[in-house]
Amino acid sequence: MMKMMHVGLLDGDIAPLVLLPGSPERAAVIATHLQDVEEKAYNREYRTFTGEFAGKPLSVCSTGIGGPSMAIAVEELVQLGATRLVRVGTCLSTNPLVTRGSLVIPQAAVRMEGVAEQYLPPEFPAVADMELLTYLQEAASSSPYEHHIGTCITRSSYYTPFDGFSRPVGNWLKETWNSYLQGGALCSDMDTAILFIVSQSLGVASASALVCTNNHDTSLYELEDDPEDCEHRVVDIALEAVRRIVNG
Amino acid sequence: MKIQDKKPIHLKISHQDIGQYVFIPGSVERVEKIASELDNPRVVGRHREFYVMTGTLDGTMVSVVSTGIGGPSTSIVMEELHALGVHTMVRIGSCASTSTLSRIGDVIIPKAAVKMEGTSRSYLPNEFPAVPDFQIFSTYLRAARRSGFPHNSGITITKDSFYTEVSPRTKPVFPLLQFQWDAYERGGATNTSMECSTIFTIGSVLGIRTASVMICATNYQAYSNDDKDYPRDWEHRAIKVGIEGMRMIIADDKKRGGIR
């Protein structure tokens with residue numbers, strides 16, 4: 001039996017429904033909510049657990065930061081039989097409406113990155129599966145947390161909005177970024193557009209749930225990566241969505 | 001937002017004559033069919049391809065404006081309606097199938113659009129997704145479900161050139177067109193028409209709530225430009241869902257005491 005080169009998993013190791021946090025640490029946090037859970041592999045940034053949730057099989061696999069590692073994870077998980085993928089991540093606000101601790105469920109994503117073009121041309125929209133999105137929306141509506149549905153900017157350079165656009169291509173980046181804001185973008189992350197485009201290309205369903213870790217005007221020095229006070233919110237709604245998905 | 005007093009140069013109508021909820025079909029002839037579903041419809045403008053009728057729906061003023069075919073004339077309509085204070089624009093149109101998932105007679109409510117056109121790029125760069133307003137889109141999905149008609153919410157390809165789809169081989173850039181089109185279909189696009197991505201993009205930029213309701217005029221790989229294949233027998237479905245969805249949107253807005 002073939003072992004997947006990067007995620008280090010074998011046939012039968014995963015459920016058809018997989019949660020995709022970026023960080024291996026969050027994979028372990030999510031795994032604590034599963035029953036009969038087993039760590040299947042931990043290779044590079046890919047840490048995978050499989051168990052049961054709401055009486056049905058569920059897997060969790062971390063994807064690492066960014067599109068290149070996300071695309072590899074999706075390709076290998078789909079080869080192993082994954083059909084529904086839900087990202088469980090963090091994002092940075094780009095809009096005063098979205099404040100720290102609120103949830104964002106991206107309807108679609110700006111492709112400010114380099115991986116998706118190797119799947120579909122740039123004019124093709126990176127968009128969520130509407131059925132999975134609806135489950136996340138229902139889960140968020142039943143939670144006490146504020147949530148927003150809209151467009152997420154997926155950028156491939158973390159420091160782009162925070163380095164004062166001081167890099168050599170800064171002027172161009174600044175105008176591009178401003179155009180996204182004028183298009184109504186709510187937040188930015190580093191993975192959602194790639195998840196959507198690779199899933200659409202391979203014919204599987206995907207959606208994304210994000211918790212916002214800053215206010216839109218936060219400076220670089222005030223940012224936090226894994227905020228303990230709100231990370232659990234996105235985990236909560238993702239698991240509630242899973243409960244609704246598996247119960248049909 | 002300040003509402004323009006002067007009549008815009010293409011629509012040539014005044015803001016008193018137009019509702020804030022507007023249907024924007026492509027075809028001039030479809031305007032009367034949609035308006036006949038409103039109460040007390042009347043003609044308020046007719047200049048170039050822009051035919052404008054206004055009536056009421058559950059007591060709220062609603063208008064219908066034809067955009068003509070394609071992004072350039074559609075963008076003019078949206079800009080001028082926006083200047084007149086219109087906040088909700090819904091396309092009622094026709095489209096062709098690009099997948100076995102879309103069949104003749106299906107009501108299509110696209111969740112996003114491929115930007116195979118030029119106008120939206122004068123607003124936002126290529127990588128920005130063209131999507132309808134989520135709340136309006138969701139309301140239309142509910143309206144389609146209630147109607148009982150077969151429906152589909154797949155990605156739509158918005159193309160600038162109608163004959164790209166009908167006779168691509170006659171174009172010097174054919175190999176490129178074929179590669180692009182093939183990628184779109186493999187990405188899951190279920191249908192194609194000529195205005196959606198422009199409408200969605202301009203909606204995002206100007207803060208207009210948009211969605212699109214279309215009737216699928218063909219089965220997969222059965223394209224036609226024969227007038228006898230025009231979806232006259234089916235278009236009432238898109239009109240019915242279009243009107244029902246608008247009623248629901250108006251009711252939701254009333255319940256909330258205004259638009260977001």
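This is a predicted model: local features need pLDDT of at least 70, side-chain atom pairs count only at pLDDT 80 or more; totals for chains, interfaces and linings use all residues.
Residues are numbered from 1 along each chain as its sequence is written, while chains are lettered from A and ligands numbered from 1 in the order in which they are written.

**Helix α6 of chain A.** Helices (H or I, at least four residues) and strands (E, at least two) are DSSP runs, numbered from the N terminus. I noted that α6(A), residues 231–246, reaches 23 Å from its first C-alpha to its last, close to the 22 Å expected (1.5 Å times one less than its number of residues).

**Strand β11 of chain B.** I see that eight of the eight residues of β11(B), 209–216, are buried, so the strand is largely enclosed by the rest of the structure. Eight bridges join β5(B) to β11(B) in parallel, and B:S94 has B:I215 as its bridge partner; strands pair if DSSP finds at least two bridges between them. Strand β6(B) runs antiparallel to β11(B), with two bridges, and B:I108 stands opposite B:M214.

**Chain contacts.** I recorded 25 residues of chain B in contact with 26 residues of chain A, contact being C-beta atoms, placed from the backbone, within 7 Å.

Key. Two residues are in contact if their C-beta atoms, placed from the backbone, lie within 7 Å. A residue is buried if 20 or more other C-beta atoms lie within 10 Å of its own, exposed if 12 or fewer, and partly exposed in between; C-beta atoms are placed from the backbone.
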